[in-house]
Amino acid sequence: MSSQNMTLTTVKASDSQLNNGVVVAIRGSVVDVRFETQLPTIHSMLTMGNGQKIVIEVLEQRDSKHVRGIALTSTQGLSRGTTVQFSCQPLLAPVGRGILSRMFDVFGNTIDREGELTNVKWRSVYGLPPTLAQRSTNSEIFETGIKIIDVLVPLERGGKAGLFGGAGVGKTVLLTEMIHNMIGKHKGVSIFCGIGERCREGEELYREMKEADVLPNMVMLFGQMNEPPGSRFRIGQVALTMAEYFRDDEQRDVLLLIDNIFRFIQAGSEVSGLMGQMPSRLGYQPTMGTELAGLEERIANTDKAAITSIQAVYVPADDFTDPAAVHTFSHLSASIVLSRKRASEGLFPAIDPLQSNSKMATPSVVGERHYELAQKVRKTLAQYAELKDIIAMLGLEQLSVEDRAVVGRARRLERFFTQPFYTTERFTGKEGKLVSLADALDGCERILNDEFKDYSESSLYMIGTIAEAKKKVEASSNKASADA
């Protein structure tokens with residue numbers, strides 16, 4: 001199915017099933033249609049226009065003769081009096097092994113110019129969350145290979161983690177690095193869902209994944225920024241339908257990456273406004289909580305396999321009290337907060353260790369040693385944050401010996417938590433590093449025990465394991481002696 005052909009071929013029915021209607025009103029992406037006989041059901045697809053390329057989803061039955069729907073395609077060229085066709089099927093998504101390594105739009109059309117789809121079936125995108133009886137009750141850690149996340153904000157297998165941050169602090173870079181690490185480490189399937197993505201970002205990500213040779217176990221979907229809100233609003237359900245196939249039918253673990261969940265909420269707000277609903281607090285749709293829950297609750301682990309989700313969440317104006325951020329927080333098992341201040345200091349990944357948290361960071365899940373070390377690290381960093389004002393006013397020399405030791409440990413820990421990424425190698429010139437949890441904990445423990453108090457802070461900056469700090473120092477001393 002070519003990307004140019006926007007016809008919803010999957011919902012075509014035979015002539016005997018079709019019930020023609022007529023367009024009676026068009027307001028942007030909202031279309032009212034009159035049917036004389038059978039009224040279409042909610043969520044059914046209507047097709048119209050030249051070649052039936054304009055697709056409308058029914059969202060409201062106005063009365064016994066009229067329905068109101070939202071366009072999933074452009075309505076350019078549509079006029080009153082246009083004949084409308086419908087079948088009783090909702091929006092469908094392709095599932096099966098044939099979707100691996102491919103890129104899709106909201107209709108399941110391939111947009112990667114790699115030929116026709118084969119070996120696929122079609123399913124409704126309106127699935128239900130697994131029942132409580134089907135869900136697994138075991139809590140397991142999902143290692144990412146990124147030191148600061150694995151030590152301070154451990155992720156849950158089958159859980160949902162959010163990357164919170166404003167524009168330009170590194171949400172997408174962190175997501176792409178996780179894709180690279182996960183496919184190499186966990187032999188499952190990765191599904192990337194771009195909601196409101198720029199065309200440039202989608203093309204760059206596809207090329208990077210192809211170069212990294214991770215596409216064979218990956219599926220990519222895009223509801224792009226220039227597409228109607230209806231398309232951006234439904235692309236998340238399409239991605240979840242594909243993820244549920246791999247979890248339930250093939251019993252494979254799935255890593256679902258969503259960039260950006262705020263754009264999903266924003267698209268829902270646009271749809272709500274176009275449908276004439278009164279906005280609630282701060283202009284968001286009154287049904288925001290329900291819509292977000294309908295998407296998030298389908299992400300779960302069962303007794304067979306798990307869908308683990310990592311979601312980028314744009315925070316408008318860095319305001320964490322915004323309703324979109326507040327509603328998203330309530331669904332997550334881990335919240336990773338990206339700090340603009342840390343990014344400006346060159347501490348990448350720019351994760352704020354004191355604002356970020358995870359419900360998995362308990363002794364019963366991560367173990368006593370990991371928990372104790374994480375608490376010591378947090379305490380040290382918190383003490384340093386409190387002392388920063390004194391340092392700024394009076395200088396480091398005015399602190400007590402004990403406080404100066406705390407500041408030294410905290411600064412070394414901050415540098416140790418930086419890490420070169422595989423996805424930024426071509427920009428930084430530094431080889432990417434994947435660090436195991438055991439190595440990350442060992443490094444933190446040795447820094448807290450003052451084993452590296454005589455090392456320069458720069459020796460701990462942008463390294464993988466703590467052993468690389470010693471190699472850095474030896475290399476610099478050898479170079480200095482050679483120059484002398």
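This is a predicted model: local features need pLDDT of at least 70, side-chain atom pairs count only at pLDDT 80 or more; totals for chains, interfaces and linings use all residues.
Residues are numbered from 1 along each chain as its sequence is written, and side-chain values use heavy atoms, with hydrogens and water left out.

So, the strands. Strands (E, at least two residues) and helices (H or I, at least four) are DSSP runs numbered from the N terminus. Strand E13, residues 189-197, and strand E14, residues 218-224, run parallel and are joined by seven bridges. Two strands pair if DSSP finds at least two bridges between them. Both belong to an open sheet of eight strands with mixed pairing, in the order E8-E14-E13-E15-E16-E12-E17-E18. E8 (103-104) and E18 (357-358) are at the edges with a single partner strand each, so one side of each has no neighbour in the sheet.

Now the helices. Which helices have axes that come within 9 Å? That's H11 (residues 401-416) and H13 (residues 437-448), crossing at roughly 160°. Axes here are lines fitted to C-alpha atoms, for helices over the stretch in contact, and angles run from 0 to 180 degrees between N-to-C directions. H11 and H13 are therefore roughly antiparallel, a word used for angles over 145 degrees. Contact means heavy atoms within 4.5 Å. Among the residues making this contact are Arg409 and Phe416 of H11, plus Gly443 and Ile447 of H13.

Key: Angles under 35 degrees count as roughly parallel, over 145 as roughly antiparallel, 65 to 115 as roughly perpendicular and the rest as oblique.
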